[in-house]
Amino acid sequence: MPDQGRLTEDLLAHAVPAIAPLYPPPPWKLPGARILKVIFETDSDPVLDWLPPKLTRSSPPYAVITFEQYPRSPVGPFSVAHQFIGCRAGHFVRVFALQSVVDNPRALVALREGWGFPCVAGTVSLRRGRGRATATAGAAGSGVCEVSVTGLEAIEPDLVRFDPLLTLRLSPSLRGDVRHDLVQLAQIDPETEIRKAARGKGTVTYGDRPGGNTWTTMPCRNVVSAVLCEVDSELPFARYVIPY
Amino acid sequence: MKFGIFHELSVGKPWGPVSELDVYNNALDQVELADKLGFDQAWAVEHHFLEEYSHCSAPEVFLAAAAARTEQIRLGHGVMMVLPPFNHPVRCAERAATLDIISKGRLEFGTGRSATWTELGGFRCDPDLTKEMWSEAVAAIPKMWTQETISWEGKFFSMPERSVIPKPYQKPHPPMWVAVSSPETAVQAAERGLGCLGVSIGTPGEYERRVKDYRRIIRGCQPIGEFVNEQVNGVTFLHVAETDAEAQEWGTKLAYNFAYLAAHLIGISTVYPTAAYKTPGLLFGLRAGGRDEKAPGGGGVIREGMGVGSPQTVIKNLRMWEEIGVDRMVFIINTAEVVPQERVLESLRLFAEHVMPALNRTAAPDAGASVVESWPVMP
């Protein structure tokens, strides 16, 4: 009797290639998440420079930074930091995704290719202490953004709102026989059930990086609010997709 | 039912050297015509920093000009920001009394606290505290008007004993109102004996519960002024034309642009989670009326009860408000000059000629203030 190999199923390594996309399709269930959100007034010119023509700026212009920690997701735990521009699409309040840092390669690919978040790989941390929270994001070995919130006090969860997100993405297409990528504006409406919320006083600091830090594009002129939430979230398919 | 017009003085971009002048002149012409046609009130907001949406940051000046050009129409602060970071309550009392004198007792004194971060943030005013600030200021102002002297030690302002002058022309003082955009504020208006100045553009159905609660609670109120101003004022858009189709074409432009400009302001509840602002306020009322709140482009804007249509349609719509117990309706008649001035004026003429006579204009209770020709000389 020839000798059998000993690599039984229980010993299979996680590195075995799966016959599946690199990321599961939406919707993604994201239970037990923690989100820190800071809103601040910023400058008009960069807001207008970075918003697509279909979107308009608010008065005054503002930006939003979120640090989101997802202990459970279809691609395993991941954390992401987003920088958004507060804007209007017609009559409605929206936030436009400007840049993101994510710490999980599979999440990075999915967020980029599935939803259009302009992610780069990096480090993201979100820590809560007594009455305070600190979050940092870094990429290419240096810090890009740090948000601190002090004096956290509980507030009613239903007071906190998360506005629908807008992203830009390229959609493969053909014009005749020639590949022609369509630029699209996608609206994503995460379902967010907020279980706990606290509000505090926030500060935003951008890191100095060799070669410049793109996060400084939206300078923090006046912090409006800072909240820390515990949520169960779901990241669905884009709700609307419109041509650029 | 009584009728009024309501001015935000919105100035759409692109702005030219006379854009604001044109808007102000048009608005004053509208007030002058409304006075001649028998409208009862003209209101002007106080807003700050709300670019395009409202360039009416010094309404007392606008209303003083209106007073000089009119005879009978009552002039309303709709509303004065009485929060100390915006206006010291003494300055509120002084300016209002002066306007009351200039207009020979035609002032309606609306009070409010702002619903936008655009304004509150601009004055570094804590959104959590505005309700308390408003409450303190509206308690003090009627005392400033009626007492020979006043001193005040409050949470948000204090002053040693002084004589706040001039005193209002109406005695004991002008009717007082509060801007109401939520059921909670309607209750607070009633508890204080203040008029309910509805400022959210809702439907009669949405107002009905609010009116009932207000009427019930005001019966047992503790008036902060010298009299109870039990009146409910609703607000909506007005464009009357010969046909429904023509009116709706212009009424839609009016309402859509009003909502579009409003959407670009930052409502407190959008960016600052606080129990002090659970509803979005006047500015954002129309958005909820869209077909799909989350659709990229927005929804329909002509809603039940709006003063948009032929005279017959508008009469029918206003009767809905009358039936739920609204005493007065004030109308937004233009925004950013999207309706040509001649059309606005013609709409007012059609309203006065055909709509006003068809509605019961004697049912509204009078305010408790009266005009006297003399006031005792201070010793």
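Guide: Two strands pair if DSSP finds at least two bridges between them, and strands (E, at least two residues) and helices (H or I, at least four) are DSSP runs numbered from the N terminus. This is a predicted model, in which local features need pLDDT of at least 70, side-chain atom pairs count only at pLDDT 80 or more, and totals for chains, interfaces and linings use all residues. Residues are numbered from 1 along each chain as its sequence is written, while chains are lettered from A and ligands numbered from 1 in the order in which they are written.

Visitor: In which sense do strand E7 and strand E8 of chain A pair?

Guide: Strand E7 (residues 132-139) and strand E8 (residues 142-155) of chain A are antiparallel over eight bridges, with A:Gly138 bridged to A:Gly143. Two residues lie between the strands of this hairpin, where A:Ala140 has a positive phi near 50°. E8(A) is also joined by nine bridges to the antiparallel strand E13 (residues 191-206) of chain A.

Visitor: How are two packed helices described?

Guide: One gives the angle between their axes and the distance between the axes. Here the axes (lines fitted to C-alpha atoms over the stretch in contact, with angles from 0 to 180 degrees between N-to-C directions) of helix H10 (residues 311-323) and helix H11 (residues 341-355) of chain B come within 10 Å and cross at roughly 70°. H10(B) is therefore roughly perpendicular to H11(B), a word that covers 65 to 115 degrees.

How values were computed
Angles under 35 degrees count as roughly parallel, over 145 as roughly antiparallel, 65 to 115 as roughly perpendicular and the rest as oblique.
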